[in-house]
Amino acid sequence: MTGGRARSCFEAAVAYARTREQLGRPIGGFQLTQAKLADMAVELHKGISLAHHLGRRMDAGRLRPEQVSFGKLNNVREAIDICRTARTILGANGISLEYPVMRHATNLESVLTYEGTVEMHQLVLGKALTGLDAFR
């Protein structure tokens, strides 16, 4: 699940921001770091809410294929962005094996393909929106 990877990177970034000091104080006290963390939290929780909503639709037998594409396209995109932002907060440590960020980021890049490429999900959504099949 992409949400677990995004959550792991978000939690690593928050923990790092609380303890990593620059200019005599934790980097979590800087405006730009807080803005990044806030944006990451918003996207993480929107993705979790979307996944729950789609799961409830599936349980009720009312989940349509374009809704699956909607969820996958959004949640993988946002999870990758959360990982990338976490990497910027961790700086050079963001690419070290000491933290989970790069492992999750590279794993999500593969999910972006095997869960259906961005373009395929866009075409599924485009057909649902227009009624026109761009596959042929």
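Predicted model: local features only at pLDDT ≥ 70, side-chain atom pairs only at ≥ 80, totals over all residues.
**Stop 1: Asn 75**

Select Asn 75 to begin: this residue is buried, with a relative accessible area of 14%. Buried means under 20% relative accessible area, exposed means over 50%, and partly exposed lies in between, using a 1.4 Å probe and protein chains only.

Residues are numbered from 1 along each chain as its sequence is written, and side-chain values use heavy atoms, with hydrogens and water left out.

Asn 75 is part of helix α3. Helices (H or I, at least four residues) and strands (E, at least two) are DSSP runs, numbered from the N terminus. Now show the side chain of Asn 75 and look for its polar partners. One of its polar atoms lies 3.1 Å from the backbone oxygen of Gly 47. The side chain of Asn 74 also makes a polar contact with the side chain of Asn 75, at 2.9 Å. A polar contact is a pair of N or O atoms within 3.5 Å; within protein, one must be able to donate a hydrogen and the other to accept it, and residues adjacent in sequence count only if both atoms are side-chain atoms.

Which residues does Asn 75 touch, not counting residues up to four places away in sequence? Select Thr 2, Gly 47, Leu 50 and Ala 51 to see them. Contact here means heavy atoms within 4.5 Å.

**Stop 2: Leu 50**

Leu 50 counts as buried, at 15% relative accessibility. Leaving aside neighbours within four places in sequence, Leu 50 is in contact with Phe 70, Gly 71, Asn 74 and Asn 75.

**Stop 3: the largest pocket**

Next, select Thr 2, Ala 51, Gly 71, Lys 72 and Asn 75, which lie nearest the centre of the largest pocket among its 26 lining residues. Rolling a probe the size of a water molecule over the atoms shows where empty space is left. On a 1 Å grid over the protein atoms alone, a pocket is an open set of points where a 1.4 Å probe fits, with protein on both sides within 12 Å along at least five of seven lines; lining residues have an atom within 4 Å of a point.

The volume of this pocket is about 460 Å³. That volume is the space filled by probe spheres set on the points, with grid points joined across faces, edges and corners.

Colour the helices to see who contributes: α1 (2-19), α2 (31-59), α3 (65-90) and α4 (101-114) each supply at least two lining residues. Which helix gives the most? The answer is α3, with nine residues. The lining divides into 14 nonpolar, seven polar and five charged residues. Ala, Val, Leu, Ile, Met, Phe, Trp, Tyr, Cys and Pro count as nonpolar, Asp, Glu, Lys and Arg as charged, and the others, Gly among them, as polar.

**Stop 4: Thr 85**

Stay on helix α3 and select Thr 85. Is Thr 85 buried or exposed? Thr 85 is buried, with a relative accessible area of 17%. Beyond residues up to four places away in sequence, Thr 85 touches Lys 36 and Met 40.

**Stop 5: two loops**

Go to the loop between β1 (21-22) and β2, where you will find Leu 23. Leu 23 is exposed, with a relative accessible area of 77%. Its phi is near 55°, a positive value in a residue other than glycine.

Then pick Gly 29, in the loop between β2 (25-26) and α2. Gly 29 is partly exposed, at 35% relative accessible area. Gly 29 and Arg 18 are 11 residues apart in sequence, and their C-alpha atoms are 7.9 Å apart in space.

**Stop 6: Lys 127**

Move on to helix α5 (residues 118-130) and select Lys 127. At 38% relative accessibility, Lys 127 counts as partly exposed. Lys 127 touches Leu 132 and Asp 133, not counting residues up to four places away in sequence.

**Last stop: the whole chain**

Zoom out to take in five helices and two strands, in the order α-β-β-α-α-α-α. The C-alpha trace spans about 60 × 25 × 25 Å along its principal axes.
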